[in-house]
Amino acid sequence: MKRTFLNITVASCITMVAYIALYAFWGAILNALKNPTLKLFLVCFMTTAAFGFFLLYTSKIRKSVGEEEVLSDYREQAYESVQRDFQLVIKRESRTLITIVGIALTCFALNLLYGLLFDKSAAFPVTLLFAPICIFDSVIKIPFLGYALSAVLDCVSYVVFLLIYRKKKLDYWEKDRG
């Protein structure tokens, strides 16, 4: 569990650095849009996608853990479908997905408590570390809904990138084998 939390924290920090570095680029591209809410939603969506990719990188690609998992999952059996692989991924990654949701809910609770105690609209300082995980709170003004949507989309983004990565690794391995 410690490794999972560390991977999520590192991915969140990398995403935050990428967000800051690329905001001028994203802002210039999205400047053509007249609707500021749509602009913010698209930036949040791109940030969520970046978090999913960076989490895949920190937890699976960096130390080849993902490749070993694919090989162990499909050494004895053939790849059937995305649905079957999805089931394997959900089973294997349930701890990571639960941790992402837990972090988002904890950030919500800490920010709510901080706002009640200090009568500020600012976020609890520690939760800024996990801002990419809770980014849709900046678009959706219904307090809990933004955090919940962020948690769901973070999990979906990570699982989609992981499924793509697993399929590419499996295709490469099959091509190399045959």
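**Figure 1. Largest nonpolar core of the predicted model.** This core holds 26 residues, and Ile8, Phe51, Leu55, Ile100 and Ile133 have the most contacts inside it. Two or more residues come from each of helix H1 (2–30), helix H2 (36–61), helix H4 (82–118) and H5. The most is given by H5, with 8 residues.

**Figure 2. Surroundings of Ile8.** Apart from neighbours within four places in sequence, Ile8 is in contact with Phe51, Leu55, Thr96, Thr99, Ile100, Ile103 and Ile133. A second, separate core has 5 residues, including Ile135, Phe136, Val139 and Ile140.

**Figure 3. The aromatic pair Phe5 and Phe130.** The whole structure contains 7 aromatic pairs. In this one the ring centres of Phe5 and Phe130 are 5.8 Å apart and the planes stand at 55°, so the pair is tilted. Phe5 belongs to helix H1 and Phe130 to the loop between H4 and H5, 125 residues apart. Phe5 is partly exposed, with a relative accessible area of 40%, whereas Phe130 is buried, at 8%.

**Figure 4. The aromatic pair Phe108 and Tyr147.** Ring centres of Phe108 and Tyr147 lie 5.3 Å apart with planes at 65°, so the pair is edge-to-face. Phe108 is in helix H4 and Tyr147 in helix H5, so the pair ties together parts 39 residues apart in sequence. Both Phe108 and Tyr147 are buried.

**Figure 5. Aromatic cluster of Phe53, Phe54 and Phe161.** These residues, Phe53, Phe54 and Phe161, form one cluster.

**Figure 6. Nonpolar surface patch.** Val152, Val156, Val160 and Ile164 make a patch of about 320 Å². Val152 is located in helix H5 (residues 143–177).

Conventions:
Residues are numbered from 1 along each chain as its sequence is written. This is a predicted model: local features need pLDDT of at least 70, side-chain atom pairs count only at pLDDT 80 or more; totals for chains, interfaces and linings use all residues. Side-chain values use heavy atoms; hydrogens and water are left out. Patches are made of residues with over 30% relative accessible area and no salt bridge: like charges are joined within 9 Å, nonpolar side chains (Val, Leu, Ile, Met, Phe, Trp, Tyr) within 5 Å. Accessible areas come from the Shrake-Rupley method with a 1.4 Å probe; for residues, only the protein chains shown count as cover. A salt bridge is a side-chain nitrogen of Lys or Arg within 4 Å of a carboxyl oxygen of Asp or Glu. Helices (H or I, at least four residues) and strands (E, at least two) are DSSP runs, numbered from the N terminus. A nonpolar core is a set of buried Ala, Val, Leu, Ile, Met, Phe, Trp, Tyr and Cys residues joined through side-chain atoms within 4.5 Å. Buried means under 20% relative accessible area, exposed over 50%, partly exposed in between (1.4 Å probe, protein chains only). Contact means heavy atoms within 4.5 Å. Rings of Phe, Tyr and Trp (its six-membered ring) pair if their centres lie within 6.5 Å; planes under 30 degrees apart count as stacked, over 60 as edge-to-face and the rest as tilted.
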